[in-house]
Amino acid sequence: MERADVVTLDKRHVWHPYTAMEAYIARTDPLVVVRAEGPYLEDADGTRYLDANGSWWVSTLGHRHPRLVRALVDQAASLAHTALAGITHEPASRLAAELVALAPGAQAAGIAADQRLTRVFYSDNGSTAVEVAIKMAAQYWAQNGRPQRTRFVTLSGAFHGETLGATSVGGVPAFRDVFGPLLFDVVHAPSPAEEGGWERAFAAVEQVLREHGDTVAGVILEPVLQGAAGMQVYAPEFVRAVREATRAVDTFLIADEVFTGLERTGARFACDLAGVVPDMLCLAKALSGGLLPFGATLATERVFSGFLGAKDRALYYGHSYCGNPLGAAVAREVLAVYRDEDVPGQVARKAPRVKAAFERMAATIPGVVRPRALGMVGAVDLGGGGYLANGGWRVYEAARRRGLYLRPLGDTVYISPALNIPDAALDELLHGVEACLREVAAG
């Protein structure tokens, strides 16, 4: 099929995510990706683009990593799918054991047995991984003597997914306001990345827990880095303080590491930067290396034990493809590649270059402000217009002309490439972003 024919069918029938469709149909010439390899995407017209955000943050090992493809093909040859209700299989069982062994606090001494992350509940993606945690927390309290605990505390700017429960605990107005009448009761504290620092944000969380802790089912955070809010970085001390505050009133801490998990921030989990063990931890995106949807929610033995006993205490929740053999096999191979190719070491070597480059951009390009970087994420702002602003899209157009796929978050221009991006490609990316920002600044 010719490229133009693909675009015609697309504009006639496809409803795109996060896209103003009237403008898209009228004016957008979309990328028509026909293949991808490593950090690059290739358009049907033959143009190659450096993928600056890992295709919505999932391809942390690049596109079509040969070991991941082989794991997928090998698993499909024997068992592609089976339900997980009353059935098990080797990939799901072995992956669960490996995730538990990697979890925050797994190797630490002095942590009570019931406070360790020992159980894994599978789902399809990041939104459902969060939805699982919300339901676990709410049901736990409902059937363990504290049914009044139905509220959640979250942060301004939070993004936790697209299902209604995940939307409820989100804090980006553009994503949640229209659904307001359908959402459950949530307390939104200031973001610790906002002016006033983490102490101001913690004071708000602590006040809610101190005055209304008996109604709070849990506090949910994107630890240290809020992605969709505009790559907002905040102090690990905030996460530690919240962990202590939730312990003081005996409620749950849910860590949404769908974006931050698996070395994105320069640590295995962002919780490790704060030295905390949450009660639940949500994973997806990097977990399956960009090959297929797959999610997991880790829970402590305490949470798990709250569902034991009579049949009506079970967690009646699940998805047709939860824990599917293909996803579990690929996820196991992702973890193996991280070990064998020393992905943590690669991040440690590359992260300072990302940080230095974004600081230089802000210091030398007019109108570029608030440089920030953590691990393999770097970002700057072009103003304060927020998610619906257009500043970043001018940079997007300049980037596309230079062979970069650089999707912004409104006025925030950022990168979150494959963690194993080759050095030459990383240089190409950083120099390209800088050149695009200078072009837009020059008018």
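In the UniProt record, an unreviewed entry, the annotation "binding site" covers Gly126, Ser127, Asp256, His319 and Ser320; UniProt positions are given here in the numbering of the chain, feature names are shortened, and annotations may be inferred rather than shown by experiment. These residues are spread over 195 residues of sequence and also in space, with up to 22.5 Å between C-alpha atoms. From this set, His319 and Ser320 belong to the lining of the second largest pocket. A pocket is an open set of points on a 1 Å grid over the protein atoms alone, where a 1.4 Å probe fits, with protein on both sides within 12 Å along at least five of seven lines, and lining residues have an atom within 4 Å of a point.

The model is predicted: local features need pLDDT of at least 70, side-chain atom pairs count only at pLDDT 80 or more, and totals for chains, interfaces and linings use all residues. Residues are numbered from 1 along each chain as its sequence is written, and side-chain values use heavy atoms, with hydrogens and water left out.

Gly126 sits in helix α6 (residues 126-142), where helices (H or I, at least four residues) and strands (E, at least two) are DSSP runs numbered from the N terminus. Buried means under 20% relative accessible area, exposed over 50%, and partly exposed in between (1.4 Å probe, protein chains only). Beyond its neighbours within four places in sequence, Gly126 contacts His160, Val258 and Ala284, a contact being heavy atoms within 4.5 Å.

A further "binding site" annotation from the unreviewed UniProt entry covers Trp56, Lys285, Gly318 and Arg407. These residues span 352 residues in sequence and the farthest two C-alpha atoms are 32.8 Å apart, so they do not all gather at one spot. Gly318 from this set is part of the lining of the second largest pocket. Trp56, in helix α3 (residues 54-57), is partly exposed at 37% and touches Pro17, Tyr18, Lys285 and Arg407, not counting residues up to four places away in sequence. Gly318, in the loop between α12 (301-305) and α13 (325-340), is also partly exposed, at 44%.

Turning to the strands, an open sheet of three has the order β13-β14-β16 with antiparallel pairing; two strands pair if DSSP finds at least two bridges between them. β13 (369-374) and β16 (412-415) stand at the edges, each with a single partner strand, so one side of each lacks a neighbour in the sheet. Strand β14 (residues 377-381) pairs with β16 over four bridges, and Gly378 stands opposite Ile415 in β16.
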